[in-house]
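Work through the exercises below with the sequence and the model open. Try each task before reading its solution.

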Amino acid sequence: MGKALEDVRILDFTHVQSGPTCTQLLAWFGADVIKVERAGAGDVTREQLRDIPEADSLYFTMLNHNKRSVTIDAKNPEGKQVLEALIQKCDVLVENFAPGALDRMGFTWERIQELNPRMIVASVKGFGAGPYEDCKVYENVAQCVGGAASTTGFDDGPPVVTGAQIGDSGTGLHLALGIVTALYQRKTTGRGQHVLAAMQDGVLNLCRVKLRDQQRLERTGVMREYPQHPNGTFGEAVPRAGNASGGGQPGWILKCKGWEADPNAYIYFITQAPVWAKICNVIGKEEWATDPNYATPAARLPHLKDIFAEIERWTMTKTKFEAMEILNKYDIPCGPILSMKEIAEEPSLRKTGTIVEVDHPVRGKYLTVGNPIKLSDSPTEVTRSPLLGEHTDEVMAELGYHPDQIAHLRVVGAI
Ligand code: COA
């Protein structure tokens, strides 16, 4: 079966997490992704957080599947010529260097357009144009400047960053959408364009509901579904809401049987309005279904703390999986807090290819997250990440270099 992007060739100048997430997705959809790395060292993540000496780390292998690796010294004059040949042959250049690094290599937007006017140049940067545009940015910085940290955690504690890599992987996802959109537009214009996904913007996009709440707060001074209501106070900015649900259906994380010993024996419970009567039945508070203090969503808002305490008395008598099974029978939305161990061992995720076991010549077998986006006509096969420079000769030959020329470029350190 064909792949959605199989005629697309990508010059992958990315490193660390945000850029590689993007190009890995494109590779899974069938693009030929040629990752350019520095000889000797390569992407810095190859050796970060290593669990096996001398083997590419899981950090690297889990972000660079289905790619080819070539080593080119972008600052060597003959290495630059090889890069120019690649730019002429590829459809997209993806990069996430610090601001200005690509220009300093001599590959300005103008130069790239001169070499290949159809080329799409896609960049991840920390910030868009403005006072911070020259700053280097990593994941947690993006979470802090994009509004996630100030709105995550509990009201009586400091800002908290989340384990989900919304700054890096989140921005990589945004960039991938920008690239396929630019490829689509190129069909009619024939021109390339620059695609920018700033990490601050990507995180803010994912925190959209909090900017919604900022404006609600300014208008009304109170947000009734927040845990600060009715007992606490609101300040000028959206407060941290603990585990409250971001939508109109109140939710909270509740203890389940075994919580004293198991840090993940909890369930997320949503008191969705259409199933309120069923919730009352399940927890043995049938009278709440008709009591005017509890019968409507608006009446319940001032009592949420007590309501969740009462529901928790019930969830504590069940394991998180037992509670899930019972609640699902009544269409009550809920979700057990799954540990990474439970997720890694979950058979249904293996079956759908969301968790995949991959074999690597140096590190052996390891688990990875496969393609989370499933296309019925473009199935994903997850293949291992390349060794450093594994495909240099192959790609050079495809560019038309003779073995003698390749040997020469190696001697002068261009590749
Ligand atoms: N040949 C020669 N030089 C190369 C090269 C190659 N193949 N690949 C990279 N380099 C050089 C670059 O040209 C740059 O040199 P310069 O500073 O002299 O111009 C140098 O390597 C370092 O690149 P840089 O991007 O500055 O790396 P860093 O390790 O100092 O910074 C980040 C890392 C992630 C902070 C930075 O790249 C960044 O802010 N990126 C944008 C935001 C981003 O993606 N952040 C999330 C990362 S998950």
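**Exercise 1. Is D168 buried or exposed, and what does it touch?**

Step 1. D168 has a relative accessible area of 7%. D168 is therefore buried, because buried means under 20% relative accessible area, exposed over 50%, and partly exposed in between (1.4 Å probe, protein chains only).

Step 2. Place D168 in the fold. D168 sits in helix 7 (residues 168-189); helices are DSSP runs of H or I with at least four residues, strands are E runs of at least two, and both are numbered from the N terminus.

Step 3. List the contacts (heavy atoms within 4.5 Å). With neighbours within four places in sequence set aside, D168 contacts Q17, S18, E139 and M199.

Step 4. Look for a polar contact, a pair of N or O atoms within 3.5 Å; within protein, one must be able to donate a hydrogen and the other to accept it, and residues adjacent in sequence count only if both atoms are side-chain atoms. The side chains of D168 and Q17 make one at 3.2 Å.

Step 5. Check the record. The unreviewed UniProt entry puts "active site" at D168; such annotations may be inferred rather than shown by experiment.

This is a predicted model: local features need pLDDT of at least 70, side-chain atom pairs count only at pLDDT 80 or more, and totals for chains, interfaces and linings use all residues. Residues are numbered from 1 along each chain as its sequence is written, and side-chain values use heavy atoms, with hydrogens and water left out.

**Exercise 2. Describe the surroundings of the ligand.**

Step 1. Count the shell, taking residues with a heavy atom within 4 Å. It holds 23 residues, and the closest are K75, A98, R104, K136 and V137.

Step 2. The side chain of H15 has an N or O atom 3.1 Å from a ligand oxygen. S18 brings a polar side-chain atom to 2.9 Å from an oxygen of the ligand. The backbone of F97 has a polar atom 3.4 Å from a ligand nitrogen.
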